[in-house]
Amino acid sequence: MPKYAVLVIDMLKDFIYGSLRCERALNIIPNIKKLVSTARDYRIPVIYVNDSHIKGVDRELMLWGPHAVRGTEGSEVIDDLKPTEEDFIVLKRRYSGFFETDLDLLLRELGVDTLILTGIHTHICVMHTAVDAFYRGYNLIVVKDAVEAFSEEYHRLGLEFMEKFYGAKLVSSEEVIKLITMTI
Ligand code: ZN
């Protein structure tokens with residue numbers, strides 16, 4: 001029986017409505033909301049993996065401009081997907097949720113072997129997190145209607161890459177909810 005965790009990546013105010021706003025991301029909010037709520041009902045850990053940059057220090061800011069700067073409103077999870085007290089929050093300073101964070105330790109202590117990935121962007125933070133997860137031996141499920149990117153092209157590119165090179169299963173949110181509710 002797989003031991004799942006749901007990862008919600010970068011569903012932050014700056015990424016949805018703010019400095020790096022992405023209108024396409026609005027479409028996935030209801031799907032993530034439903035999936036996360038089901039996960040909580042079935043006691044599957046929900047882990048928010050959030051960009052949290054240090055102003056004037058993080059190199060990524062030179063590439064993208066200011067976004068998700070620690071302590072600002074833009075670095076907060078959007079109101080529609082607010083974490084509850086039982087959820088976990090991992091702060092990151094690069095694309096990957098594993099890079100210099102305690103995500104791996106958290107997953108190992110929770111006994112997780114299969115990651116269910118949601119959030120943005122399909123080809124950036126979601127994909128780089130998937131790559132690092134693959135290196136560490138986790139199974140990957142990418143919820144194709146719960147991840148998004150700036151364009152359809154980038155979105156598809158990310159999905160194809162994760163499926164082909166990292167063995168990710170691409171499923172719909174409906175399918176993954178069925179999987180969760182049937183296997184536990
Ligand atoms: Zn960033």
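Figure 1. The buried residues of α5 are C125, V126, M127, T129, A130, V131, D132 and A133, where buried means under 20% relative accessible area, exposed over 50% and partly exposed in between (1.4 Å probe, protein chains only). Eight of the eleven residues of α5 are buried, so this helix is largely enclosed by the rest of the structure. The model is predicted: local features need pLDDT of at least 70, side-chain atom pairs count only at pLDDT 80 or more, and totals for chains, interfaces and linings use all residues. Residues are numbered from 1 along each chain as its sequence is written, and side-chain values use heavy atoms, with hydrogens and water left out. Helices (H or I, at least four residues) and strands (E, at least two) are DSSP runs, numbered from the N terminus. The cover over the buried residues of α5 includes β1 (4-9), β3, β4 (114-120), β5 (139-148) and α6. Just after α5, G137 has a positive phi of about 90°.

**Figure 2. The packing of α5 against α6.** Helix α5 (residues 125-135) packs against helix α6 (residues 152-166) at an angle of about 10°, and their axes are 10 Å apart. Axes are lines fitted to C-alpha atoms, for helices over the stretch in contact, and angles run from 0 to 180 degrees between N-to-C directions. The two helices, α5 and α6, are therefore roughly parallel to each other (angles under 35 degrees count as roughly parallel, over 145 as roughly antiparallel, 65 to 115 as roughly perpendicular and the rest as oblique). From α5, the contact uses V126, M127, A130, V131, F134 and Y135; from α6, it uses G158, F161, M162, F165 and Y166. Contact means heavy atoms within 4.5 Å. The residues of this contact of α5 with α6 comprise ten nonpolar, one polar and no charged. Here Ala, Val, Leu, Ile, Met, Phe, Trp, Tyr, Cys and Pro count as nonpolar, Asp, Glu, Lys and Arg as charged, and the others, Gly among them, as polar.

**Figure 3. The zinc site.** The zinc ion is coordinated by D51 (OD), H53 (NE2), E60 (OE) and H67 (NE2), at 1.9 to 2.1 Å. Donors are N, O and S atoms within 2.8 Å of the metal (3.2 Å for Na, K and Ca); water is not among the atoms, so sites may look incomplete. Along the chain, the donors of the zinc ion have the spacing D-x1-H-x6-E-x6-H. D51 lies in strand β2 (residues 46-51) and H67 in the loop between α3 (60-64) and β3 (88-92), so the pair ties together parts that are 16 residues apart in sequence. D51 is buried, at 0% relative accessibility, and H67 is buried too, with a relative accessible area of 1%.

**Figure 4. Loop residues with positive phi.** A68, which is not a glycine, has a positive phi of about 45°. A68 sits in the loop between α3 and β3 and is buried at 0% relative accessibility. E100, another residue other than glycine, has a positive phi near 55°. E100 is in the loop between β3 and α4 (103-110) and is exposed, with a relative accessible area of 71%.

**Figure 5. The surroundings of K82.** K82 lies in the loop between α3 and β3 and is partly exposed, with a relative accessible area of 40%. Leaving aside neighbours within four places in sequence, K82 is in contact with R40, Y48, E76 and V77.
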